[in-house]
Amino acid sequence: MRNARSYFAPLAIGAPQPVREIPVTPSRMIHFFDPSNAKLRGKVPDMARSADVLLGNLEDAIAADKKEAARAGLVEVGREADLGGTPLWTRINALESPWALDDLVTLVTEIGSVLDVVMVPKVEGVEDIHYVDRLLAQLEARSELQRPILIHAILETAQGVANVEEIATASPRMQGISLGPADLAASRRMKTTRVGGGHPGYRVIADPSSGDARPSYQQDLWHYTIGRMVDACAAAGIFPYYGPFGDIKDEVGCEAQFRAAYLMGCVGAWSLHPVQIGIAKRVFSPEVDEVRFAKRVLEAIPDGSGVHMLDGKMQDDATWKQAKVLVDLATMLARKDEELAEAYGL
Ligand SMILES: CC(C)(COP(=O)(O)OP(=O)(O)OC[C@H]1O[C@@H](n2cnc3c(N)ncnc32)[C@H](O)[C@@H]1OP(=O)(O)O)[C@@H](O)C(=O)NCCC(=O)NCCSC(=O)C[C@H](O)C(=O)O
Ligand SMILES: [Mg+2]
(Lines give C-alpha, C1' and ligand atoms only; values in the text may rest on other atoms or scores of the structure.)
(Ligands and ions follow the chains in the order given, each with its own letter.)
Protein backbone atom coordinates (compact mmCIF):
# COMPACT_ATOMS: atom_id res chain seq x y z
CA MET A 1 0.00 0.00 0.00
CA ARG A 2 1.42 3.42 -0.95
CA ASN A 3 1.79 5.93 1.85
CA ALA A 4 0.15 9.35 1.78
CA ARG A 5 3.34 11.08 0.56
CA SER A 6 3.86 8.80 -2.44
CA TYR A 7 0.19 8.31 -3.38
CA PHE A 8 0.42 10.70 -6.34
CA ALA A 9 3.88 9.66 -7.54
CA PRO A 10 4.03 8.03 -11.01
CA LEU A 11 4.64 4.27 -10.75
CA ALA A 12 7.17 4.14 -13.60
CA ILE A 13 9.92 6.46 -14.76
CA GLY A 14 8.54 8.53 -17.61
CA ALA A 15 4.88 7.80 -16.85
CA PRO A 16 2.50 10.78 -16.73
CA GLN A 17 1.61 12.42 -13.41
CA PRO A 18 -1.53 10.85 -11.85
CA VAL A 19 -4.59 13.10 -11.81
CA ARG A 20 -5.65 14.84 -8.57
CA GLU A 21 -9.32 15.12 -9.55
CA ILE A 22 -11.34 12.63 -11.58
CA PRO A 23 -12.81 14.45 -14.63
CA VAL A 24 -16.53 15.14 -14.22
CA THR A 25 -18.12 14.59 -17.61
CA PRO A 26 -21.49 13.09 -18.62
CA SER A 27 -21.48 9.30 -18.14
CA ARG A 28 -25.18 8.55 -17.76
CA MET A 29 -24.66 5.42 -19.82
CA ILE A 30 -21.53 3.43 -20.60
CA HIS A 31 -22.54 1.88 -23.90
CA PHE A 32 -21.18 -1.63 -24.52
CA PHE A 33 -20.41 -2.84 -28.01
CA ASP A 34 -18.65 -5.89 -29.41
CA PRO A 35 -15.59 -4.65 -31.35
CA SER A 36 -15.18 -7.99 -33.13
CA ASN A 37 -18.40 -7.24 -35.02
CA ALA A 38 -17.53 -5.29 -38.19
CA LYS A 39 -21.11 -4.06 -38.61
CA LEU A 40 -21.07 -2.56 -35.10
CA ARG A 41 -17.66 -1.01 -35.73
CA GLY A 42 -19.24 0.78 -38.67
CA LYS A 43 -21.91 2.16 -36.33
CA VAL A 44 -19.42 3.58 -33.83
CA PRO A 45 -19.75 7.23 -34.98
CA ASP A 46 -23.56 6.99 -34.59
CA MET A 47 -23.24 5.31 -31.19
CA ALA A 48 -20.76 7.99 -30.10
CA ARG A 49 -23.26 10.70 -31.00
CA SER A 50 -26.00 9.19 -28.83
CA ALA A 51 -24.04 7.74 -25.86
CA ASP A 52 -22.07 9.57 -23.19
CA VAL A 53 -19.35 6.89 -23.05
CA LEU A 54 -18.51 4.16 -25.56
CA LEU A 55 -16.98 0.92 -24.27
CA GLY A 56 -15.37 -1.75 -26.44
CA ASN A 57 -16.04 -4.94 -24.52
CA LEU A 58 -13.38 -7.66 -24.59
CA GLU A 59 -14.57 -9.79 -21.65
CA ASP A 60 -17.74 -11.79 -21.04
CA ALA A 61 -20.18 -11.94 -23.99
CA ILE A 62 -17.17 -12.13 -26.35
CA ALA A 63 -16.60 -15.80 -27.20
CA ALA A 64 -13.10 -17.24 -26.64
CA ASP A 65 -12.52 -17.59 -30.38
CA LYS A 66 -13.39 -13.88 -30.90
CA LYS A 67 -11.11 -12.43 -28.21
CA GLU A 68 -8.27 -11.53 -30.55
CA ALA A 69 -10.63 -10.15 -33.19
CA ALA A 70 -12.33 -8.00 -30.55
CA ARG A 71 -8.99 -6.58 -29.39
CA ALA A 72 -7.91 -5.89 -32.99
CA GLY A 73 -11.33 -4.38 -33.75
CA LEU A 74 -11.00 -2.01 -30.83
CA VAL A 75 -7.56 -0.94 -32.00
CA GLU A 76 -9.13 -0.17 -35.40
CA VAL A 77 -11.89 1.88 -33.72
CA GLY A 78 -9.35 3.79 -31.64
CA ARG A 79 -7.23 4.59 -34.70
CA GLU A 80 -9.90 5.31 -37.28
CA ALA A 81 -13.36 6.07 -35.88
CA ASP A 82 -14.65 9.60 -35.40
CA LEU A 83 -15.85 9.64 -31.80
CA GLY A 84 -16.54 13.38 -31.79
CA GLY A 85 -15.10 13.77 -28.29
CA THR A 86 -17.07 10.90 -26.71
CA PRO A 87 -14.77 9.07 -24.26
CA LEU A 88 -13.59 5.59 -25.30
CA TRP A 89 -13.37 2.94 -22.58
CA THR A 90 -12.62 -0.75 -22.69
CA ARG A 91 -13.46 -3.71 -20.47
CA ILE A 92 -10.41 -5.97 -20.51
CA ASN A 93 -10.56 -9.68 -19.78
CA ALA A 94 -10.32 -10.88 -16.19
CA LEU A 95 -6.81 -10.72 -14.74
CA GLU A 96 -6.74 -14.51 -14.27
CA SER A 97 -7.54 -15.11 -17.96
CA PRO A 98 -4.99 -15.81 -20.72
CA TRP A 99 -5.99 -12.56 -22.52
CA ALA A 100 -5.72 -9.76 -19.94
CA LEU A 101 -2.00 -9.08 -20.31
CA ASP A 102 -2.16 -8.83 -24.11
CA ASP A 103 -5.30 -6.67 -23.81
CA LEU A 104 -3.41 -4.11 -21.76
CA VAL A 105 -0.14 -4.25 -23.68
CA THR A 106 -1.82 -3.98 -27.08
CA LEU A 107 -4.40 -1.35 -26.23
CA VAL A 108 -2.10 1.00 -24.34
CA THR A 109 0.74 0.81 -26.83
CA GLU A 110 -1.52 0.99 -29.92
CA ILE A 111 -4.33 3.38 -28.90
CA GLY A 112 -3.37 4.56 -25.40
CA SER A 113 -3.66 8.22 -26.36
CA VAL A 114 -7.39 7.86 -27.14
CA LEU A 115 -8.28 5.38 -24.39
CA ASP A 116 -9.74 7.11 -21.35
CA VAL A 117 -10.63 4.32 -18.94
CA VAL A 118 -9.86 0.61 -18.51
CA MET A 119 -12.66 -1.30 -16.81
CA VAL A 120 -11.27 -4.22 -14.82
CA PRO A 121 -13.69 -7.09 -14.14
CA LYS A 122 -13.95 -9.27 -11.04
CA VAL A 123 -11.75 -7.06 -8.87
CA GLU A 124 -11.27 -8.82 -5.53
CA GLY A 125 -9.01 -6.41 -3.65
CA VAL A 126 -6.31 -3.74 -3.86
CA GLU A 127 -3.77 -6.21 -5.28
CA ASP A 128 -5.71 -6.35 -8.55
CA ILE A 129 -5.77 -2.55 -8.88
CA HIS A 130 -2.08 -2.28 -7.92
CA TYR A 131 -1.13 -4.77 -10.63
CA VAL A 132 -3.01 -2.87 -13.34
CA ASP A 133 -1.81 0.47 -11.96
CA ARG A 134 1.89 -0.41 -12.25
CA LEU A 135 1.52 -2.09 -15.62
CA LEU A 136 -0.37 0.90 -17.03
CA ALA A 137 2.40 3.21 -15.79
CA GLN A 138 5.08 1.09 -17.49
CA LEU A 139 3.14 0.97 -20.75
CA GLU A 140 2.32 4.68 -20.66
CA ALA A 141 6.02 5.44 -20.19
CA ARG A 142 6.93 3.16 -23.10
CA SER A 143 4.31 4.85 -25.30
CA GLU A 144 5.22 8.35 -24.10
CA LEU A 145 1.61 9.08 -23.18
CA GLN A 146 0.94 12.54 -21.80
CA ARG A 147 -2.02 11.72 -19.55
CA PRO A 148 -2.78 8.68 -17.40
CA ILE A 149 -5.42 6.12 -18.33
CA LEU A 150 -7.95 5.72 -15.51
CA ILE A 151 -9.22 2.49 -13.92
CA HIS A 152 -12.84 1.46 -13.31
CA ALA A 153 -13.45 -1.63 -11.17
CA ILE A 154 -16.43 -3.98 -11.44
CA LEU A 155 -17.83 -5.17 -8.14
CA GLU A 156 -18.83 -8.72 -8.94
CA THR A 157 -17.44 -11.05 -6.31
CA ALA A 158 -18.28 -11.39 -2.63
CA GLN A 159 -14.63 -10.70 -1.84
CA GLY A 160 -14.70 -7.54 -3.92
CA VAL A 161 -17.73 -6.30 -1.99
CA ALA A 162 -15.98 -7.10 1.30
CA ASN A 163 -13.02 -4.94 0.14
CA VAL A 164 -14.89 -2.21 -1.70
CA GLU A 165 -13.66 0.71 0.43
CA GLU A 166 -9.99 -0.25 -0.08
CA ILE A 167 -10.54 -0.84 -3.80
CA ALA A 168 -12.02 2.66 -4.19
CA THR A 169 -8.85 4.29 -2.82
CA ALA A 170 -6.30 1.80 -4.20
CA SER A 171 -4.92 4.22 -6.79
CA PRO A 172 -5.32 7.83 -7.93
CA ARG A 173 -6.31 6.27 -11.26
CA MET A 174 -9.59 4.98 -9.79
CA GLN A 175 -12.39 6.62 -11.79
CA GLY A 176 -15.32 4.63 -10.45
CA ILE A 177 -16.94 1.30 -9.67
CA SER A 178 -19.84 -0.55 -11.32
CA LEU A 179 -22.08 -3.24 -9.90
CA GLY A 180 -21.76 -6.53 -11.82
CA PRO A 181 -24.94 -8.25 -10.65
CA ALA A 182 -24.66 -11.45 -12.71
CA ASP A 183 -21.20 -12.50 -11.57
CA LEU A 184 -21.90 -11.22 -8.07
CA ALA A 185 -25.06 -13.33 -7.85
CA ALA A 186 -23.04 -16.41 -8.83
CA SER A 187 -20.21 -15.59 -6.42
CA ARG A 188 -22.68 -15.19 -3.55
CA ARG A 189 -24.67 -18.28 -4.55
CA MET A 190 -27.80 -16.19 -4.94
CA LYS A 191 -30.58 -18.19 -6.58
CA THR A 192 -31.32 -16.11 -9.66
CA THR A 193 -30.58 -16.49 -13.35
CA ARG A 194 -31.20 -12.80 -14.12
CA VAL A 195 -28.67 -10.09 -15.06
CA GLY A 196 -29.60 -7.39 -12.52
CA GLY A 197 -33.07 -6.18 -11.69
CA GLY A 198 -35.49 -7.50 -9.11
CA HIS A 199 -36.96 -10.91 -8.43
CA PRO A 200 -40.62 -11.65 -7.65
CA GLY A 201 -39.60 -13.96 -4.80
CA TYR A 202 -37.65 -11.32 -2.87
CA ARG A 203 -40.36 -9.52 -0.91
CA VAL A 204 -41.70 -8.49 2.46
CA ILE A 205 -45.19 -9.50 3.53
CA ALA A 206 -47.57 -7.75 5.92
CA ASP A 207 -48.54 -9.45 9.19
CA PRO A 208 -51.70 -11.60 9.05
CA SER A 209 -54.93 -9.88 10.03
CA SER A 210 -58.25 -11.70 10.08
CA GLY A 211 -59.99 -12.05 6.77
CA ASP A 212 -57.67 -9.79 4.79
CA ALA A 213 -55.28 -10.78 2.05
CA ARG A 214 -51.73 -10.06 3.17
CA PRO A 215 -50.16 -7.40 0.96
CA SER A 216 -46.56 -7.99 0.02
CA TYR A 217 -44.00 -5.89 -1.83
CA GLN A 218 -41.04 -6.81 -3.96
CA GLN A 219 -37.72 -5.54 -2.60
CA ASP A 220 -34.51 -4.51 -4.37
CA LEU A 221 -32.00 -7.37 -4.27
CA TRP A 222 -29.16 -4.91 -4.98
CA HIS A 223 -29.93 -2.25 -2.42
CA TYR A 224 -27.26 -3.30 0.08
CA THR A 225 -24.48 -3.59 -2.48
CA ILE A 226 -25.35 -0.35 -4.26
CA GLY A 227 -25.42 1.41 -0.88
CA ARG A 228 -21.95 0.16 0.02
CA MET A 229 -20.60 0.95 -3.42
CA VAL A 230 -22.04 4.49 -3.40
CA ASP A 231 -20.59 5.23 0.03
CA ALA A 232 -17.17 3.80 -0.89
CA CYS A 233 -17.07 5.86 -4.09
CA ALA A 234 -18.34 9.09 -2.54
CA ALA A 235 -15.85 8.77 0.31
CA ALA A 236 -13.02 8.28 -2.22
CA GLY A 237 -14.10 11.06 -4.60
CA ILE A 238 -14.86 8.65 -7.47
CA PHE A 239 -18.09 7.65 -9.26
CA PRO A 240 -20.53 4.74 -8.72
CA TYR A 241 -22.53 3.12 -11.54
CA TYR A 242 -25.32 0.58 -11.65
CA GLY A 243 -24.12 -2.06 -14.15
CA PRO A 244 -26.13 -4.09 -16.67
CA PHE A 245 -29.84 -4.87 -16.93
CA GLY A 246 -30.03 -7.99 -19.06
CA ASP A 247 -33.75 -8.21 -19.86
CA ILE A 248 -33.55 -5.95 -22.90
CA LYS A 249 -37.29 -6.26 -23.67
CA ASP A 250 -38.28 -5.17 -20.13
CA GLU A 251 -37.83 -1.44 -20.60
CA VAL A 252 -40.05 -0.61 -17.62
CA GLY A 253 -38.05 -2.89 -15.31
CA CYS A 254 -34.79 -1.44 -16.61
CA GLU A 255 -35.99 2.11 -16.00
CA ALA A 256 -37.10 1.25 -12.44
CA GLN A 257 -33.75 -0.37 -11.59
CA PHE A 258 -31.77 2.51 -13.11
CA ARG A 259 -33.94 5.04 -11.21
CA ALA A 260 -33.42 3.29 -7.86
CA ALA A 261 -29.65 3.42 -8.47
CA TYR A 262 -29.82 7.08 -9.57
CA LEU A 263 -31.73 8.07 -6.44
CA MET A 264 -29.19 6.26 -4.26
CA GLY A 265 -26.30 8.21 -5.79
CA CYS A 266 -25.16 6.38 -8.93
CA VAL A 267 -24.17 8.64 -11.83
CA GLY A 268 -24.95 6.19 -14.62
CA ALA A 269 -25.49 2.59 -15.77
CA TRP A 270 -24.38 0.32 -18.60
CA SER A 271 -26.41 0.20 -21.81
CA LEU A 272 -26.22 -3.16 -23.55
CA HIS A 273 -28.62 -2.32 -26.38
CA PRO A 274 -29.46 0.97 -28.13
CA VAL A 275 -32.87 1.07 -26.43
CA GLN A 276 -31.19 1.34 -23.02
CA ILE A 277 -29.28 4.49 -24.06
CA GLY A 278 -32.52 6.48 -24.07
CA ILE A 279 -33.62 4.97 -20.76
CA ALA A 280 -30.35 5.90 -19.06
CA LYS A 281 -30.41 9.39 -20.54
CA ARG A 282 -33.91 9.94 -19.16
CA VAL A 283 -33.20 8.49 -15.72
CA PHE A 284 -29.74 9.90 -15.00
CA SER A 285 -30.62 13.46 -16.09
CA PRO A 286 -32.32 15.14 -13.12
CA GLU A 287 -36.01 15.97 -13.56
CA VAL A 288 -36.76 19.46 -14.81
CA ASP A 289 -39.06 20.35 -11.89
CA GLU A 290 -36.46 19.19 -9.36
CA VAL A 291 -33.74 21.26 -11.00
CA ARG A 292 -35.94 24.35 -11.17
CA PHE A 293 -36.86 23.92 -7.49
CA ALA A 294 -33.21 23.34 -6.55
CA LYS A 295 -32.26 26.56 -8.37
CA ARG A 296 -34.87 28.42 -6.34
CA VAL A 297 -33.35 26.98 -3.13
CA LEU A 298 -29.89 28.25 -4.11
CA GLU A 299 -31.31 31.65 -5.02
CA ALA A 300 -33.33 31.88 -1.79
CA ILE A 301 -30.29 31.06 0.39
CA PRO A 302 -27.37 32.81 -1.34
CA ASP A 303 -24.87 32.09 1.46
CA GLY A 304 -26.20 28.57 2.14
CA SER A 305 -27.00 29.19 5.80
CA GLY A 306 -29.97 29.77 8.11
CA VAL A 307 -33.51 28.43 7.89
CA HIS A 308 -36.04 29.41 5.22
CA MET A 309 -39.45 28.31 3.94
CA LEU A 310 -40.04 27.59 0.25
CA ASP A 311 -43.48 26.35 -0.88
CA GLY A 312 -44.12 25.20 2.70
CA LYS A 313 -40.88 23.18 2.82
CA MET A 314 -38.10 23.89 5.32
CA GLN A 315 -34.76 24.76 3.73
CA ASP A 316 -31.43 24.99 5.53
CA ASP A 317 -27.71 24.36 5.05
CA ALA A 318 -28.28 20.67 4.31
CA THR A 319 -31.06 21.15 1.75
CA TRP A 320 -28.86 23.84 0.14
CA LYS A 321 -26.19 21.15 -0.37
CA GLN A 322 -28.77 18.74 -1.82
CA ALA A 323 -29.90 21.48 -4.21
CA LYS A 324 -26.28 22.13 -5.18
CA VAL A 325 -25.79 18.44 -6.12
CA LEU A 326 -28.75 18.64 -8.51
CA VAL A 327 -27.87 22.02 -10.01
CA ASP A 328 -24.21 21.06 -10.50
CA LEU A 329 -25.25 17.84 -12.27
CA ALA A 330 -27.81 19.68 -14.42
CA THR A 331 -25.22 22.36 -15.32
CA MET A 332 -22.67 19.73 -16.34
CA LEU A 333 -25.23 17.87 -18.50
CA ALA A 334 -26.56 21.11 -19.99
CA ARG A 335 -23.10 21.87 -21.38
CA LYS A 336 -23.45 18.77 -23.59
CA ASP A 337 -27.20 18.83 -24.27
CA GLU A 338 -28.89 21.98 -25.61
CA GLU A 339 -32.40 20.59 -25.05
CA LEU A 340 -31.65 19.94 -21.39
CA ALA A 341 -30.04 23.36 -21.04
CA GLU A 342 -33.24 24.98 -22.28
CA ALA A 343 -35.50 22.79 -20.13
CA TYR A 344 -33.46 23.52 -17.00
CA GLY A 345 -33.19 27.22 -17.82
CA LEU A 346 -29.39 27.01 -17.61
C1 LIG B 1 -28.21 -8.36 -26.21
C2 LIG B 1 -27.84 -8.41 -27.68
C3 LIG B 1 -27.19 -9.76 -28.00
C4 LIG B 1 -29.12 -8.23 -28.50
O5 LIG B 1 -28.73 -8.15 -29.86
P6 LIG B 1 -29.78 -8.34 -31.04
O7 LIG B 1 -30.51 -9.64 -30.86
O8 LIG B 1 -29.05 -8.14 -32.33
O9 LIG B 1 -30.82 -7.16 -30.78
P10 LIG B 1 -31.78 -6.46 -31.78
O11 LIG B 1 -32.19 -7.36 -32.88
O12 LIG B 1 -32.86 -5.84 -30.98
O13 LIG B 1 -30.88 -5.30 -32.39
C14 LIG B 1 -31.42 -4.22 -33.10
C15 LIG B 1 -30.30 -3.45 -33.76
O16 LIG B 1 -29.46 -2.90 -32.74
C17 LIG B 1 -28.12 -3.34 -32.93
N18 LIG B 1 -27.49 -3.50 -31.63
C19 LIG B 1 -27.74 -4.44 -30.72
N20 LIG B 1 -26.97 -4.27 -29.64
C21 LIG B 1 -26.20 -3.19 -29.89
C22 LIG B 1 -25.22 -2.52 -29.16
N23 LIG B 1 -24.82 -2.96 -27.93
N24 LIG B 1 -24.67 -1.43 -29.69
C25 LIG B 1 -25.05 -0.99 -30.91
N26 LIG B 1 -25.97 -1.60 -31.67
C27 LIG B 1 -26.54 -2.68 -31.15
C28 LIG B 1 -28.23 -4.64 -33.69
O29 LIG B 1 -27.04 -4.90 -34.38
C30 LIG B 1 -29.39 -4.34 -34.60
O31 LIG B 1 -28.92 -3.54 -35.68
P32 LIG B 1 -29.50 -3.75 -37.17
O33 LIG B 1 -29.24 -5.17 -37.52
O34 LIG B 1 -28.73 -2.77 -37.99
O35 LIG B 1 -30.97 -3.42 -37.07
C36 LIG B 1 -26.89 -7.25 -28.05
O37 LIG B 1 -27.57 -6.06 -27.79
C38 LIG B 1 -25.58 -7.28 -27.33
O39 LIG B 1 -24.71 -8.10 -27.62
N40 LIG B 1 -25.38 -6.37 -26.37
C41 LIG B 1 -24.17 -6.28 -25.60
C42 LIG B 1 -24.08 -7.43 -24.61
C43 LIG B 1 -22.89 -7.26 -23.68
O44 LIG B 1 -22.02 -6.46 -23.90
N45 LIG B 1 -22.86 -8.04 -22.61
C46 LIG B 1 -21.81 -7.94 -21.64
C47 LIG B 1 -22.11 -6.91 -20.57
S48 LIG B 1 -23.16 -7.49 -19.27
C49 LIG B 1 -22.10 -8.50 -18.36
O50 LIG B 1 -21.03 -8.78 -18.76
C51 LIG B 1 -22.55 -8.99 -17.00
C52 LIG B 1 -21.76 -8.33 -15.90
O53 LIG B 1 -20.39 -8.44 -16.06
C54 LIG B 1 -22.18 -8.94 -14.61
O55 LIG B 1 -21.46 -9.82 -14.10
O56 LIG B 1 -23.26 -8.56 -14.14
MG1 LIG C 1 -19.46 -9.95 -15.00
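**Cavity.** I sorted the lining of the largest cavity by residue class and got seven nonpolar, one polar and three charged residues. The model I am reading is predicted. My list of that lining runs Arg2, Ala9, Pro10, Leu11, Pro16, Pro18, Asp133, Ala137, Ser171, Pro172 and Arg173. For the volume of the largest cavity I noted about 60 Å³. I then counted cavities of 30 Å³ or more and found one.

Glu156 sits in the loop between strand 5 (150-155) and helix 6 (158-162), while Asp183 belongs to helix 8 (residues 181-188), so the pair ties together parts 27 residues apart in sequence. Glu156 has a relative accessibility of 3% and counts as buried, because the cut-off for buried is under 20%. Asp183 has a relative accessible area of 25% and is partly exposed.

**Helix 3.** I took the span of helix 3 (residues 67-80) next. Its 14 residues reach 20 Å from first C-alpha to last, close to the 20 Å expected at 1.5 Å a residue. I noted as buried in helix 3 Lys67, Ala70, Arg71, Gly73, Leu74, Val75, Val77 and Gly78. For reading such a list I keep in mind that an α-helix has 3.6 residues a turn, so residues three or four places apart point the same way. What do the buried residues of helix 3 pack against? I found strand 1 (29-33), helix 1 (38-42), helix 2 (44-50), strand 2 (53-57), strand 3 (88-91) and helix 4 (100-111).

Definitions and conventions. Residues are numbered from 1 along each chain as its sequence is written. Chains are lettered from A and ligands numbered from 1 in the order in which they are written. This is a predicted model: local features need pLDDT of at least 70, side-chain atom pairs count only at pLDDT 80 or more; totals for chains, interfaces and linings use all residues. Side-chain values use heavy atoms; hydrogens and water are left out. On a 1 Å grid over the protein atoms alone, a cavity is a set of points where a 1.4 Å probe fits but cannot get out, and a pocket is an open set with protein on both sides within 12 Å along at least five of seven lines; lining residues have an atom within 4 Å of a point. Grid points are joined across faces, edges and corners, and a volume is the space filled by probe spheres set on the points. Ala, Val, Leu, Ile, Met, Phe, Trp, Tyr, Cys and Pro count as nonpolar, Asp, Glu, Lys and Arg as charged, and the others, Gly among them, as polar. Helices (H or I, at least four residues) and strands (E, at least two) are DSSP runs, numbered from the N terminus. The expected span of a helix is 1.5 Å times one less than its number of residues. Buried means under 20% relative accessible area, exposed over 50%, partly exposed in between (1.4 Å probe, protein chains only). Contact means heavy atoms within 4.5 Å.
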